[in-house]
Each structure stands twice: as structure tokens, then as C-alpha cells.
Amino acid sequence: MTLGVYLLGALEPAERSAFEAHLSYCDICRGELVRLSPLPGLLNQISPEDFADDLPPTGAEGTAGSPVGTQVQPVTEPVPLLPIPEPRDTPVHPLPELPSRRRHWRVATAAAAVIVLTVAGVFGWRALREPPPVEGITWSTEVGATSVQARLIDRKWGTEILSEIHGAPPGRLCYLKVYDHYGKYEVAGWWGTDHDPDAEIPGSTSMPLGKIWKLEYLLDDRETVVATIQAPGR
């Protein structure tokens, strides 16, 4: 997902909704979003006048009638020395910061902000080029006080599985085994049972969605089966 484009408000409505859904369970992206969130406000403080060249002339620009590169005749007469002022007891106050210096600081800071947002946009460009994620299909089962609902999303690398589990024993670890029709299985994830009631627990497997035969949720003793969901129509 792209953070820079999201912060600048350039995402399409469907892409913005998909990215905000991703933020709901991705701690890394939420942390980066908090870290980069002040940058758009900083960019709004910059005006076109801040980029004006108000630095003092260097002497290399030349004047009318005097082409650049004209040699200056050396001074042959001695320059009189200026008298050294007597020391005073009056405290010397520092000069106030010049407005131009403050403007240059804002411009430099804004430039750094643009670089950060550009890098974030480059990393998220591929995500913007991909089509919006599909909703997937939902499998569910209910056994006594325990109910499980699994949302399976077909991906190029396999299948993403988002599970909602209610009624599992508290204070335990739970894991998901994904089977194909040959009996081969992969472990799609581990998690603690003390999660929010409506949390979607992420898991994944390299198996294509069309080859998944059943989902089996077990406790950490590797014997107690919390729930089993058979693929509908298989």
C-alpha cells in the first residue's frame, strides 16, 4: 500500500477504502502513517515567495556595460585603519533571525518532506497499479458455543484466509491447518485466543483457492479441534 499518495489525498475512493481496510490490521503501515502524517501540513506552509532568490549579489553577475570577467584594477594607495571602539558594559543582544533565513529553512525542510513522500509513493506505485482486492468467498460453521467464519481470497501467491472465531477457550494458542483433497496440509497461522470478538485473524497458504478441501482449527495441544469447515460442494 502507498502511504505517500494516501497522505496527499490522491487515491481513488475504492483504493482509499481498500487501504484503510488494510490499515485496520497492519501495525507497520499504521506506524508509518503516524510518522509521515505531519508532512502535508508542512508543505502547505510554503508559498511561491519562499523560492525567490533573495540572496545578496556575489559580484559575479556583472553590471550593465561591464561584461562578466572584467578584471578590477588593484588599489595602490594604503587603506587607513579604522579606530578600535572602546569596550562597553552594555550587553550585546543577538541579532534577530532574518526572514529570508527562516524562509530558506522552511524550503529545505519542505524539500526533505517531498523526498520522503516521493519514496513512499514509489514503493506504493505497484500497489496502485494492481486491481482493487476482491471480497473473496466465505465459509462458516457452528459447533455448540463455537462459531467460525473464514473469508478466503484468491491471490497470485496462494490464498489469504481471514478468520472470525467465537467461543474458543480463553488463554490458549490456536492454529489453522489447510488441507487439499489429497490430504496434504499446510499450517496457515498461529494466534492467541484472547483477541477482540470481531477481529479478523489473518492467515495464508500457498495452496490455490480452488484446491483447498477443508480448514481445521486446533488448540496448542495439537489434538483438540475447535472447528472444521469443509469446502462447500466438495
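A disulfide is a pair of cysteine sulfur atoms within 2.5 Å. By that rule, this predicted model holds zero disulfides. Cys-26 has a relative accessible area of 15%. Cys-174 comes to 1%. Buried means under 20%, so Cys-26 is buried, and so is Cys-174.

**A sheet of four strands**

The strands of an open sheet run in the order β5-β4-β7-β8. Their pairing is antiparallel. Which strands form the edges of this sheet? They are β5 and β8, and each pairs on one side only. On average, neighbouring strands are turned by 15° against each other, direction ignored.

Strand β7 spans residues 212-219. Its antiparallel pairing with β8 covers five bridges. Strand β8 covers residues 225-230. There, Val-225 is the bridge partner of Leu-218.

Trp-190 lies in strand β5. Its relative accessible area is 42%. Exposed means over 50% and buried under 20%, so Trp-190 counts as partly exposed.

The residues with a stated relative accessible area are set out here.

| Residue | Relative accessible area | Class |
|---|---|---|
| Cys-26 | 15% | buried |
| Cys-174 | 1% | buried |
| Trp-190 | 42% | partly exposed |

Technical notes
Residues numbered from 1 in each chain as written. Predicted model: local features only at pLDDT ≥ 70, side-chain atom pairs only at ≥ 80, totals over all residues. Heavy atoms only, no water. Buried < 20%, exposed > 50% of the residue type's maximum accessible area, 1.4 Å probe, protein only. Helix = DSSP H or I, 4+ residues; strand = E, 2+ residues; numbered from the N terminus. Pairing = 2+ DSSP bridges. Axes fitted to C-alpha atoms, helices over the stretch in contact; angles between N-to-C directions.
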